[in-house]
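Hi everyone, thanks for coming. Have a look at the structure on the screen, and I'll walk you through a few parts of it.

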Amino acid sequence: VDDDPSIVRLVAQLLATAGYSVREACNGREALEAIQEACPDLIVSDWDMPEVDGLELSRRIRQDELPHYVYILLLTAKSHSEDLIAGLAAGADDFVSKPIRSGELLARIAAAQRMLGLERKLRANSKEDSLTGVLNRRTFHELFEREWKRSLRYGLPLSTVMLDIDFFKKINDSYGHLAGDAVLRGVAQLLRQECRATEYVCRFGGEEFCVLLPETAEQGAEVWAERARRLISELTVEVPGGVIRVTASFGVAERL
């Protein structure tokens, strides 16, 4: 992000050559619009720009509810400590001094990538059920609230599917809890495979799962549930004591 076209070309070519996917913006306002369309991992922005400068861009990014953390690297000729403190307070993560040295810029971006990789790993661990790898209940409720508001705002259908593995206690009693865990993982994997990228499955508790189907009416949710019910009935889970086959009971609801 820079109002100087020559700087934009220079940085974009440098990053593209290093293997990064790059988008360009000529000022902070244009950058904010681009972020809403497709949220990037990292922003390299000039500090001094018309309309929305680097500081204001950083503030607005930190105020927005974005799908993941965006690392902000400001390009600046400023070197006084009070300026750098102001940049950090606005939400910037790091700085690269002007004139730009390619080695320094790439090294700082590589360091940012390491931090973002760790942040993604921690975020995924906090959102997933540790046993099955699907969403945990807390994260599911957050997504449900977001999709509920979107459904109301745009008049879109929204459905959920609840399912419970039948006679799960008997599985634990007959084969042991490790076998029960294997069944839960097998069912969770099957449900996840049946979900599109915009659909969400969580372990709601014990042997219960819940699936959120945005932009899907009740009839479509019934079709989804019936297909999942059939696939679960065909599922086989191999455990030390033999092969386990399971069934599940389903319920479907749509927001009215």
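Let me start with a term: when I say contact or touching, I mean heavy atoms within 4.5 Å. Helices (H or I, at least four residues) and strands (E, at least two) are DSSP runs, numbered from the N terminus. Please keep in mind that this is a predicted model, where local features need pLDDT of at least 70 and side-chain atom pairs count only at pLDDT 80 or more, while totals for chains, interfaces and linings use all residues. Residues are numbered from 1 along each chain as its sequence is written, and side-chain values use heavy atoms, with hydrogens and water left out.

Let's begin with helix H3, residues 54-63. Which of the residues of H3 are buried? They are Gly54, Leu55, Leu57, Ser58 and Ile61, where buried means under 20% relative accessible area with a 1.4 Å probe, protein chains only. Looking down the axis of H3, you find these buried residues within an arc of 160 degrees, so they line one face of the helix. That arc is taken from the directions from the helix axis to the C-beta atoms. The cover over them includes helix H2 (28-37), strand E1 (42-46), strand E2 (71-76) and helix H4 (81-90).

Now for H4. The axes of H3 and H4, lines fitted to C-alpha atoms over the stretch in contact, come within 8 Å and cross at roughly 25 degrees. That makes H3 roughly parallel to H4, a label for angles under 35 degrees, on a scale from 0 to 180 degrees between N-to-C directions. Leu55, Ser58, Arg59 and Arg62 of H3 make the contact with Ala86, Gly87 and Ala90 of H4.

On to the strands. E1 and E2 belong to an open sheet of 3 strands, with the order E1-E2-E3 and parallel pairing; two strands pair if DSSP finds at least two bridges between them. E1 and strand E3 (94-97) stand at the edges with a single partner strand each, so one side of each has no neighbour in the sheet. E1 and E2 pair over 5 bridges, and serine 45 stands opposite leucine 74 in E2.

There is also an open sheet of 4 strands, ordered E5-E6-E4-E9, with antiparallel pairing. Here strand E4 (residues 158-165) and strand E6 (residues 208-214) pair over 7 bridges, with valine 161 opposite valine 211 in E6. Helix H8 (residues 177-194) packs on this sheet, touching E4, E5 and E6.

Terms used. Buried means under 20% relative accessible area, exposed over 50%, partly exposed in between (1.4 Å probe, protein chains only). Angles under 35 degrees count as roughly parallel, over 145 as roughly antiparallel, 65 to 115 as roughly perpendicular and the rest as oblique.
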